[in-house]
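Student: I'm new to this one, so please walk me through it a piece at a time.

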2 protein chains.
Amino acid sequence: MSENFRQGDFTLPGEAGYEQLTLDLAKKWGADVIRDSDGTKLSDEIVKAGYGIYSTICIIRQHNEFALAHPDSQQQTFLCSDPVVAAGSSVILRPLDGYFEEQFQVNDSPEAMACWQVYDRTTDTEVPREHWKYENGAVIVSPCVPWHSYTVSFLAWRVWEEINMYNHTTNHWTSEHLRQLDPRHPLAWEYLQKWLRDWCEQNPDTTVVRFTSLFYNFVWIFGSDARLRNRFTDWASYDFTASPAALKAFSAEYGYALTAEDFINQRKLQATHMPPTAHKRDYMDFIQAFVAEKAKALVDIVHSYGKKAYVFYDDSWVGMEPYGKRFASIGFDGLIKCIFSGFECRLCAGANVPAHEIRLHPYLFPVGLGGLPTFQEGGHPEKDALQYWVSARRALLRQCVDRIGLGGYLHLTQGHPAFVDAIERIGMEFRKIKALQKDGPAYTLPIRVAVLHTWGALRSWTLSGHFHETYMHPLIHINEALSGLPVEVKFISFEDAENGALDGLNTVINAGRAGDAWSGGDAWKRNRLVEKLTEFVYNGGAFIGVDEPSAVPGYDTFFRMAQVLGIDEDTGARVCHGRWTYKIDPSFPFGDPSDGLKDKEHLYLTDGKAHVIADMKGVPQMSVNRFGSGWGVYLSDFIVNPRNTRMLLDILVYAANLTDKAPYITGDCRAEAAYYPASKTLIVVNNAPECVETTVSLPDGNWLNVSLMPLETKEIAL
Amino acid sequence: MSENFRQGDFTLPGEAGYEQLTLDLAKKWGADVIRDSDGTKLSDEIVKAGYGIYSTICIIRQHNEFALAHPDSQQQTFLCSDPVVAAGSSVILRPLDGYFEEQFQVNDSPEAMACWQVYDRTTDTEVPREHWKYENGAVIVSPCVPWHSYTVSFLAWRVWEEINMYNHTTNHWTSEHLRQLDPRHPLAWEYLQKWLRDWCEQNPDTTVVRFTSLFYNFVWIFGSDARLRNRFTDWASYDFTASPAALKAFSAEYGYALTAEDFINQRKLQATHMPPTAHKRDYMDFIQAFVAEKAKALVDIVHSYGKKAYVFYDDSWVGMEPYGKRFASIGFDGLIKCIFSGFECRLCAGANVPAHEIRLHPYLFPVGLGGLPTFQEGGHPEKDALQYWVSARRALLRQCVDRIGLGGYLHLTQGHPAFVDAIERIGMEFRKIKALQKDGPAYTLPIRVAVLHTWGALRSWTLSGHFHETYMHPLIHINEALSGLPVEVKFISFEDAENGALDGLNTVINAGRAGDAWSGGDAWKRNRLVEKLTEFVYNGGAFIGVDEPSAVPGYDTFFRMAQVLGIDEDTGARVCHGRWTYKIDPSFPFGDPSDGLKDKEHLYLTDGKAHVIADMKGVPQMSVNRFGSGWGVYLSDFIVNPRNTRMLLDILVYAANLTDKAPYITGDCRAEAAYYPASKTLIVVNNAPECVETTVSLPDGNWLNVSLMPLETKEIAL
């Protein structure tokens with residue numbers, strides 16, 4: 001790397017037909033690697049230009065000839081028909097009605113039919129086999145109970161690989177619809193291994209094989225009606241791994257059989273945002289073992305050709321959890337994560353793999369993942385790039401990755417010089433941040449924070465996908481805020497909390513809606529969990545609860561931590577109970593939380609002792625409660641923005657008794673600072689698009705005055 | 001009654017020391033009866049003036065001498081201490097901490113102690129007797145589990161009759177605190193009967209003994225802290241009937257024992273707004289039988305002296321359900337209901353008793369029941385009176401009562417001539433409405449509506465108390481709207497609905513929050529209920545669901561009637577499911593519902609077919625769904641006002657296929673009409689404080705134009 005941070009650690013998407021542009025931008029952006037992209041090719045001129053070469057492989061895709069010759073090697077999923085109310089003694093169900101006909105085909109093979117289930121959804125019971133038959137594409141249930149609702153759960157072939165389907169429908173691709181193979185099919189698996197060997201032989205210039213990603217896509221079920229094109233999307237669901245063969249192997253290994261209903265789950269499916277059933281946990285483990293084993297075999301092939309194997313942690317990643325127990329065993333040389341946000345940078349940076357690379361947004365595509373224009377009329381790619389960079393930068397200041405890069409069609413950058421300049425600047429700032437951490441990590445306050453939820457470390461930093469897919473969950477806002485704060489952060493499960501993970505922590509955060517995976521649902525029925533957390537706070541810890549923390553029905557309080565929080569939610573039974581009156585207490589040093597809360601109904605003070613920091617419509621929305629020598633803090637919601645991010649830091653600092661004693665904190669919340677003791681360097685960043693004058697606290701109690709240009713990264717030697 | 005409606009059917013509160021005022025107002029208001037009030041006396045001059053005389057008796061109160069001589073004859077209740085978290089191996093609970101010390105005294109007699117229960121609220125289990133003891137006014141639990149929360153449930157004497165307590169604390173009374181006797185105590189019961197006999201003998205001029213009311217007050221638990229003065233108030237809870245003697249008699253009769261926890265119910269108590277447990281249903285029946293038996297004995301005494309017995313349906317009314325199966329057996333001659341609202345008029349008018357009388361608001365007290373000034377600085381008693389009258393009038397137009405009257409201190413009317421005039425006017429309007437119905441009832445559209453909830457007919461019209469106590473429940477708004485609509489209304493339980501009560505109905509309304517008594521909670525797990533209602537709508541009926549109708553967890557939809565409504569609520573499991581897009585459908589003739597809905601989150605269209613009438617923040621809030629030949633209508637909320645009342649009527653009319661075919665409907669929703677076929681008289685009322693020009697639809701399809709003065713009642717011969 002050059003001293004002026006102009007060169008290296010940058011992956012450029014090359015494009016055949018735009019050789020000069022490719023080489024020019026490679027120089028301007030300081031690329032050391034050129035890659036192809038989904039939909040682009042590299043020409044010999046590019047490949048031979050002396051750069052490292054990443055080649056993108058989607059291993060299960062682009063084998064339409066094999067798929068058509070062996071249609072039973074294609075991937076499948078369980079689907080459930082829409083319910084039909086019986087108005088008589090029989091009812092007809094048409095399985096695929098409402099599903100996108102280009103994505104699915106009914107699998108009515110004998111081994112698939114054995115997995116079908118007809119359900120009486122009114123009674124929530126399965127209809128016996130002898131009461132239904134499948135004829136001419138329809139299920140006839142007879143006899144049935146009049147006025148009950150019926151569904152059929154069935155297996156469907158997925159005949160259009162979903163990322164290809166997305167690009168066709170969003171980016172107007174017109175090429176052949178690509179199919180996808182299931183590596184569990186023995187012929188397909190032999191074929192794929194041979195295909196990879198052949199590929200490696202035919203691509204000697206490739207230095208890194210970039211898997212995009214492995215075998216099974218996250219779940220993405222399209223509807224036939226344009227008014228419901230997206231029927232279900234979950235970035236971490238496992239439905240697309242299902243097949244009769246998988247179920248057979250599962251029951252052989254686990255000693256019990258899964259049914260369609262284990263996947264269909266009362267038509268709700270099993271979203272990552274809900275606590276998994278015990279069967280789902282088993283099934284995930286089963287799939288993870290399979291994916292790890294097969295992935296290792298492919299990585300071994302790549303390695304045998306002297307190439308490195310990186311994996312892209314998006315698209316067909318399911319079963320390959322980077323924080324799962326088997327990830328390291330696969331032997332990947334690098335993990336690439338496409339990012340919009342700080343939490344995704346931390347997710348990438350923290351994974352146990354040699355190289356960590358982030359793919360910056362916007363991609364060089366006409367339309368962004370959020371559906372808005374980027375490199376087309378109405379788009380502002382340079383603004384987007386800098387906005388995402390501001391989120392990424394503060395996370396990278398805490399823990400840096402090894403590389404950055406872009407993806408997409410390079411030619412789209414033409415006519416966008418401001419974007420080209422923005423990427424050049426981002427590259428230089430990234431290299432500076434990386435270089436600082438080479439000598440040692442940023443200074444972190446002596447504050448250890450754990451985010452407590454169902455999944456624990458397995459879902460470190462992310463919930464399920466990008467921010468814009470999960471914005472309705474307060475926890476993703478909290479994770480995003482935490483990603484750039486000068487505190488230690490870990491993610492623990494309820495089992496962890498019961499078994500020693502609270503030791504040494506300062507603060508535990510539990511944030512979610514009652515019953516979801518982030519709040520925890522039935523996990524809160526475990527008394528040991530309540531005991532451990534109660535003891536933790538009593539002895540000086542802090543418990544921050546957001547929305548419906550620790551909520552579960554069946555007890556005297558809805559929030560199981562109400563004794564610590566001093567606040568609870570009335571689910572209806574307390575409508576005749578009086579409410580403690582209160583006055584807003586302005587004495588806590590938490591700033592103004594007014595734009596981060598919602599007007600949640602039904603909250604009430606349990607014993608009147610909690611300090612109400614904010615309320616809406618006469619209902620407390622933020623409170624602080626002394627419990628033993630610790631604190632219970634309640635927030636009805638959390639929306640990430642500079643002010644609320646600072647409020648969260650203020651709470652963490654206050655609960656750790658460090659108010660006015662924390663160094664390297666900016667006076668203006670639009671700016672943030674990171675100090676690198678090894679190089680005695682202070683970095684102050686301006687997250688705002690305007691000039692900011694701020695102070696920065698120093699260990700000796702003094703304050704440094706710093707002037708920042710819009711979005712500036714300022715380096716100060718201390 | 002005189003032809004000009006100036007005289008009769010009016011009960012005036014007389015006041016000793018204001019004899020001339022009493023007689024003057026009796027004449028001006030056309031009173032035929034003079035009464036005393038709680039806190040006032042009548043003098044001989046009044047009693048002998050030739051009016052009927054009501055005398056107010058609160059049978060269980062004003063016996064302090066007996067109560068102090070027999071302290072164990074006083075009434076009791078179960079209370080539960082506030083929870084305490086154990087920080088070690090023992091924990092101390094102080095039972096009455098937080099309760100109003102002037103209202104309660106611990107009952108630690110041996111028979112009471114046998115009913116006490118210590119609970120581990122963390123595990124929701126009772127602590128064995130051998131692990132706690134009661135010493136020096138405190139419960140010591142040892143050993144206990146560290147970090148668990150503990151409570152003690154105990155019996156307390158209620159040493160200040162609650163209405164007397166209310167008047168002292170609100171109306172600044174300073175007289176002796178009155179105690180109350182439990183008629184279940186044998187000596188007390190003998191004493192009360194003798195006292196009533198003596199009283200009847202000593203009050204020969206009394207024509208009607210007005211019981212205020214019977215034995216047990218509704219539950220009203222005060223706190224010691226001014227910030228939580230009201231700990232619990234429920235107008236229809238039974239806690240104040242409890243005693244060791246009652247529990248003993250119950251177990252003898254029902255074959256099982258109730259415990260403190262049957263009342264304390266995880267510290268939630270058992271509010272009327274929640275579905276009762278089976279034990280609570282038994283206990284209510286047990287108390288109702290006791291109250292009816294004892295009340296009949298008292299009524300028989302009153303009758304034996306040639307007097308009539310009226311009962312006031314407020315205060316100590318518990319156990320005397322006017323729509324219960326035993327009410328008629330008591331033999332009351334009249335029911336008096338104090339009213340603010342139309343639904344209370346219908347409640348009174350529909351009870352099975354010879355005479356129905358309403359007590360108008362405001363009472364002649366300095367402060368109203370809502371806590372705002374009336375007959376003191378800042379009050380507007382004439383405005384209040386007319387406002388309540390507007391609500392009452394439209395209900396009385398549908399079904400009239402026999403008498404009206406006032407209560408309180410008559411001298412407070414001095415200096416309020418506008419109030420005196422308003423009451424004179426109200427009296428005349430009432431008498432006109434009553435006279436019209438003497439010949440026959442008002443014309444009713446051929447629309448039969450049932451309100452469906454847990455309590456069914458037992459809680460016809462009311463939920464639990466006045467409107468201002470229950471405004472947070474959409475059903476009270478609906479009942480209030482219905483009270484003046486030209487439709488048949490009945491109240492049915494879920495059992496009724498399963499057993500034929502749907503026959504002949506046009507529309508069923510279910511309105512409440514998930515799990516409460518009005519929505520229904522676990523009743524919706526009964527498949528037969530779902531079947532019957534589904535069939536009912538399929539065959540042409542309408543189901544109107546408000547807020548969280550038919551909601552219960554455990555099925556594929558949260559609303560069990562989602563198949564009929566076409567809309568459902570996502571409790572979290574569907575956060576990854578796509579949502580049907582929609583356009584607002586303006587084609588239904590329901591007016592503008594925008595001020596009666598809330599911005600409820602998480603609602604989604606089930607199959608995309610429902611017509612969305614209104615939405616907020618992108619979420620449907622009102623929808624109409626065709627199901628078979630009937631309709632499912634959803635409203636996220638209902639706030640009673642003229643526009644929404646008209647919208648409800650429009651829905652009922654539409655669902656009955658009567659749009660543009662319903663006679664005697666006003667064009668302006670601020671006005672309402674009632675037609676009396678027997679006398680060929682149309683009454684048009686203006687509910688607004690401004691002039692209104694409206695049309696009224698006629699059976700021949702024509703429209704009548706009517707001009708109305710503010711609040712006017714106009715009589716038109718047709």
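**Domains, chains, helices and sheets**

Student: How many residues of domain 1 of chain A are in contact with domain 3 of chain A?

Tutor: 9 residues of domain 1 of chain A are in contact with 11 residues of domain 3 of chain A, where contact means that the C-beta atoms, placed from the backbone, lie within 7 Å. Please keep in mind that this is a predicted model, in which local features need pLDDT of at least 70 and side-chain atom pairs count only at pLDDT 80 or more, while totals for chains, interfaces and linings use all residues. Residues are numbered from 1 along each chain as its sequence is written, and chains are lettered from A and ligands numbered from 1 in the order in which they are written.

Student: Which helices supply the domain 1 side of that contact?

Tutor: On the side of domain 1 of chain A that touches domain 3 of chain A, α12 (381–398) and α13 (417–439) of chain A each supply at least two residues, and α12(A) gives the most, with 6 residues. Helices (H or I, at least four residues) and strands (E, at least two) are DSSP runs, numbered from the N terminus.

Student: What classes of residue are on that side?

Tutor: That side of domain 1 of chain A divides into 4 nonpolar, no polar and 5 charged residues, with Ala, Val, Leu, Ile, Met, Phe, Trp, Tyr, Cys and Pro counted as nonpolar, Asp, Glu, Lys and Arg as charged, and the others, Gly among them, as polar.

Student: OK, new topic: how many residues of chain A are in contact with chain B?

Tutor: The contact joins 53 residues of chain A and 53 residues of chain B. On the chain A side, the elements giving two or more residues are β15 (230–234) and α17 (527–538), and α17(A) gives the most, with 6 residues. By class, this side of chain A has 16 nonpolar, 21 polar and 16 charged residues.

Student: Why do you say the copies meet through the same surface?

Tutor: Because 100% of the interface residues of chain A are also interface residues in chain B, the copies meet through the same surface.

Student: Last one: which strands close into a barrel?

Tutor: In chain B, 8 strands close into a barrel with parallel pairing, in the order β1-β2-β3-β13-β16-β17-β18-β19, and two strands pair if DSSP finds at least two bridges between them. Strand β1 (residues 10–13) and strand β19 (residues 403–405) of chain B pair over 2 bridges, and B:Phe10 has B:Ile404 as its bridge partner in β19(B).

Definitions and conventions
Two residues are in contact if their C-beta atoms, placed from the backbone, lie within 7 Å.
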